[in-house]
Amino acid sequence: MYSKHEKLLKEFRLCIDEKRYYDAHEAVEELWFPRRFEKDPEVLFLKGCINASVSFELHKRGRKARAKKVWATYLKYRQLLFKLNTAHLNTYYQLTRAIEYHYVAVNYPTAKDDWDFIYLVIKTY
């Protein structure tokens with residue numbers, strides 16, 4: 001049995017995989033919104049996940065310059081992953097991997113293998 005938190009994270013991942021970025025945003029926002037005024041690293045990390053989905057939606061709508069700026073916000077909050085002490089840590093690692101694979105697929109469609117992925121993700125930092 002999954003907790004509500006885990007269910008919403010799985011929904012976020014599914015929405016990203018299905019390119020339903022607005023729905024992905026809504027799934028994580030349900031976790032983030034009640035705690036939005038906290039400066040807790042986990043809350044800020046969730047905010048970063050929301051920014052990743054917003055970046056993808058902007059890219060889909062052709063607003064690539066704005067998408068790049070929002071992606072930079074995701075990267076800022078992604079670093080907090082290494083400061084988290086939570087039962088959801090493994091799920092968060094998997095989410096960042098999926099988000100970043102998706103970023104490469106959207107922005108660099110000619111990337112062919114894991115080495116291309118690694119290079120392109122490192123290049124974004």
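The dialogue below reads the main features of one predicted model, from its overall fold down to single residues.

Visitor: What conventions apply before any value is read?

Guide: This is a predicted model, in which local features need pLDDT of at least 70 and side-chain atom pairs count only at pLDDT 80 or more, while totals for chains, interfaces and linings use all residues. Residues are numbered from 1 along each chain as its sequence is written, and side-chain values use heavy atoms, with hydrogens and water left out.

Visitor: How many helices and strands does the chain have?

Guide: Helices (H or I, at least four residues) and strands (E, at least two) are taken as DSSP runs and numbered from the N terminus. By that reading the chain has 6 helices and 0 strands, and along the sequence its pattern is α-α-α-α-α-α.

Visitor: How is burial defined, and what share of the chain counts as buried?

Guide: A residue is buried under 20% relative accessible area, exposed over 50% and partly exposed in between, with a 1.4 Å probe and protein chains only. Of the 125 residues of the chain, 45% count as buried. Accessible areas come from the Shrake-Rupley method with a 1.4 Å probe, and for residues only the protein chains shown count as cover; the accessible surface of the chain comes to about 7700 Å², of which 54% belongs to carbon and sulfur atoms.

Visitor: Which residues have the most contacts inside the largest nonpolar core?

Guide: A nonpolar core is a set of buried Ala, Val, Leu, Ile, Met, Phe, Trp, Tyr and Cys residues joined through side-chain atoms within 4.5 Å. The largest one here has 27 residues, and those with the most contacts inside it are Phe12, Leu46, Phe56, Trp71, Tyr92 and Ile99. Helix 1 (4–17), helix 2 (21–32), helix 3 (41–60), helix 4 (64–78) and helix 5 (89–107) each supply at least two residues of this core, and helix 3 gives the most to it, with 7 residues.

Visitor: What do leucine 46 and leucine 9 touch?

Guide: A contact means heavy atoms within 4.5 Å, and for both residues the neighbours up to four places away in sequence are not counted. Leucine 46 touches His5, Leu9, Val28, Leu31, Trp32 and Tyr92. Leucine 9, found in helix 1, counts as buried at 1% relative accessibility, and it touches Leu31, Leu46, His88, Thr91, Tyr92 and Leu95. The C-alpha atoms of leucine 9 and histidine 88, which are 79 residues apart along the chain, are separated by 9.3 Å. For the chain, residues 24 or more positions apart account for 54% of the contacts with a separation of 6 or more.

Visitor: Is threonine 91 buried or exposed, and what does it touch?

Guide: Threonine 91, which lies in helix 5, is buried with a relative accessible area of 17%. Leaving out residues up to four places away in sequence, threonine 91 touches Glu6 and Leu9.

Visitor: How are aromatic pairs classified, and how many are there?

Guide: Rings of Phe, Tyr and Trp (its six-membered ring) pair if their centres lie within 6.5 Å, and planes under 30 degrees apart count as stacked, over 60 as edge-to-face and the rest as tilted. A search of the whole structure finds 7 aromatic pairs. The rings of phenylalanine 45 and tyrosine 92 have their centres 4.9 Å apart and their planes at 50°, so this pair is tilted. Because phenylalanine 45 lies in helix 3 and tyrosine 92 in helix 5, the pair ties together parts that are 47 residues apart in sequence. Phenylalanine 45 is buried at 1% relative accessibility, and tyrosine 92 is buried at 0%.

Visitor: Why is the pair of tryptophan 71 and tyrosine 74 called tilted?

Guide: Their ring centres are 4.6 Å apart and their planes stand at 35°, so the pair is tilted. Tryptophan 71 and tyrosine 74 are 3 residues apart in helix 4 and are therefore separated by about one helical turn; both are buried. Tyr21, Phe56, Trp71, Tyr74 and Tyr103 form one aromatic cluster.
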